[in-house]
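Please look through the structure shown here before reading on.

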Amino acid sequence: MRVACVGECMVELSERPDGSLVRGFGGDTLNTALYLARLGVTVDYVTALGDDPWSDAMVEAWGREGIGLERVRRLPGRMPGLYIIRTDDAGERSFHYWRDSAAARDLFSEPGAAETRAALEADDLVYVSGISLSLYGEAGRAALAETLAALRARGGRVAFDTNYRPRGWPDWEVARAAFRAALAQADLIFASVEDLDWLFGEAGDEEVLRHRGRAEIVLKTADGPVPVARVLHGTSDTKVPAGPVDRVVDTTAAGDSFAAGYLAARIAGLAPEAAAAEAHRLAGAVIGHRGAVIPREAMPALAF
C-alpha cells in the first residue's frame with residue numbers, strides 16, 4: 001500500500017527551560033509520515049517548499065528517514081513557515097507561528113498543482129489533517145476535496161485527523177464548514193474530544209459519531225489522566241486505554257505518532273482495537289522525549 005501525507009513542514013524552534021532555542025523541523029502530517037516510514041510503510045510527503053537552505057535541509061532529512069520526495073514541489077524565491085514550541089512544567093506545549101507566506105500554502109494553486117492532484121488520485125491512502133485544511137483557503141480546499149473524491153471513486157481511501165488550531169482559520173464558521181466536509185469524505189477518522197469541543201461545542205463528538213458505520217473512527221479522550229481511544233468500526237464500539245508511561249517530557253507529536261502507529265498496524269493487518277493499543281505504545285514513547293521526532297533507538301518494538 002502506498003500512503004501520501006499532505007500538509008506542511010515548518011522550521012521548528014523548541015524553547016528550553018533556560019530560554020535557549022534548538023532548531024528542528026516539524027509539522028503534524030510530516031511527523032505522521034516520518035513515523036510511518038520508520039514503521040516500514042511506503043509513504044510520500046506532499047507539500048511545497050522554497051529554494052532556501054532550510055528547505056534543502058528538510059528534504060535531506062526526509063530522505064534519510066525513507067520518506068518519498070517525488071511529491072515535494074520547490075517554489076523559487078519562497079520559504080517554509082516557522083514556529084516556536086514552549087513547554088510548561090507538566091509537559092503541555094503551546095505553539096507560536098510565522099507562516100502566512102509559507103510555500104506550502106500554494107500547493108494547489110501554483111504551477112504543478114495539476115500534477116500534484118493527479119498523483120494523489122492514484123494513491124491507496126491519503127492522510128490529511130485539520131491543519132492541512134487551514135493552509136489552502138477556499139479554492140485550495142475545493143481542489144483538495146475534488147482530488148480526494150476522485151481518489152475514493154477509484155477505490156482509494158482517505159484518513160482525516162481533526163487537528164484544530166484556531167489561529168489557522170479566519171473564523172469558526174469557515175473552520176466548522178471545512179471540518180464537516182472533510183469528515184463526510186473520510187473513510188478513517190482520528191478525532192480528539194478536545195479538538196471537537198473547541199470547534200463544535202460540548203456536543204462536538206456527535207459531529208464525528210454521525211459517521212459511525214460508514215467510517216472507521218478513533219475518538220481520543222481521557223479517563224482521568226489515562227488517554228483512551230474509543231474505536232468504532234461496523235457495530236463494534238470499544239475503549240482501548242493507553243498503558244503506563246514512565247514519564248511525560250513533551251506531548252508534541254503525541255497525536256501524530258498515534259495516527260502513524262494506528263495506520264501502520266492496520267496496513268499490517270491488525271484489527272482496529274489491536275492497532276489502537278500499538279498506537280498508544282508509540283505515542284507513549286514519543287512523549288517521553290523532547291521534540292516531535294524521537295531518536296531511532298527510542299522507537300518501541302511494536303507487534304507487527
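## Basis of the model

This is a predicted model, in which local features need pLDDT of at least 70 and side-chain atom pairs count only at pLDDT 80 or more, while totals for chains, interfaces and linings use all residues. Residues are numbered from 1 along each chain as its sequence is written, and side-chain values use heavy atoms, with hydrogens and water left out.

## Strands and their pairing

Helices (H or I, at least four residues) and strands (E, at least two) are DSSP runs numbered from the N terminus, and two strands pair if DSSP finds at least two bridges between them. Strand β4 (residues 42–49) pairs in the parallel sense with strand β1 (residues 2–6) over five bridges, and V6 has V46 as its bridge partner in β4. Three bridges also join β4 to strand β5 (residues 72–74), again in parallel, with A48 standing opposite R73 in β5. Strand β4 is mostly covered, since seven of its eight residues are buried, where buried means under 20% relative accessible area, exposed means over 50%, and partly exposed lies in between (1.4 Å probe, protein chains only).

Strand β2 (residues 10–15) and strand β6 (residues 82–87) run parallel and are joined by four bridges; the bridge partner of V11 in β6 is L82. Strand β6 also pairs with β7, in the antiparallel sense and over six bridges, and here Y83 has Y97 as its bridge partner in β7. The ring of Y97 has the charged end of R99 over it, 4.9 Å from the ring centre; a charge sits over a ring if NZ of Lys or CZ of Arg is within 6 Å of the ring centre and within 35 degrees of the ring normal.

## Aromatic pairs

The structure holds nine aromatic pairs. Rings of Phe, Tyr and Trp (its six-membered ring) pair if their centres lie within 6.5 Å, and planes under 30 degrees apart count as stacked, over 60 as edge-to-face and the rest as tilted. The ring centres of F108 and Y136 are 5.0 Å apart and the planes stand at 90 degrees, so this pair is edge-to-face. The pair links distant parts of the chain, 28 residues apart, with F108 in the loop between β7 (93–98) and α3 (113–121) and Y136 in helix α4 (residues 130–153). Both F108 and Y136 are buried.

By contrast, F258 and Y262 form a stacked pair, 6.5 Å centre to centre with 15 degrees between the planes. Both lie in helix α8 (residues 254–267), four residues apart, about one turn of the helix. F258 is buried at a relative accessible area of 3%, and Y262 is buried at 0%. Ring pairs link Y127, F190, F258 and Y262 into a cluster.

## The loop between β13 and α8

D250 is found in the loop between β13 (236–241) and α8. Its side chain makes a polar contact with the side chain of T252 (2.7 Å); such a contact is a pair of N or O atoms within 3.5 Å, where within protein one must be able to donate a hydrogen and the other to accept it, and residues adjacent in sequence count only if both atoms are side-chain atoms.

A253 lies in the loop between β13 and α8 and is buried, with a relative accessible area of 3%. Most residues other than glycine have a negative phi. The phi of A253, however, is near 70 degrees, a positive value in a residue other than glycine.
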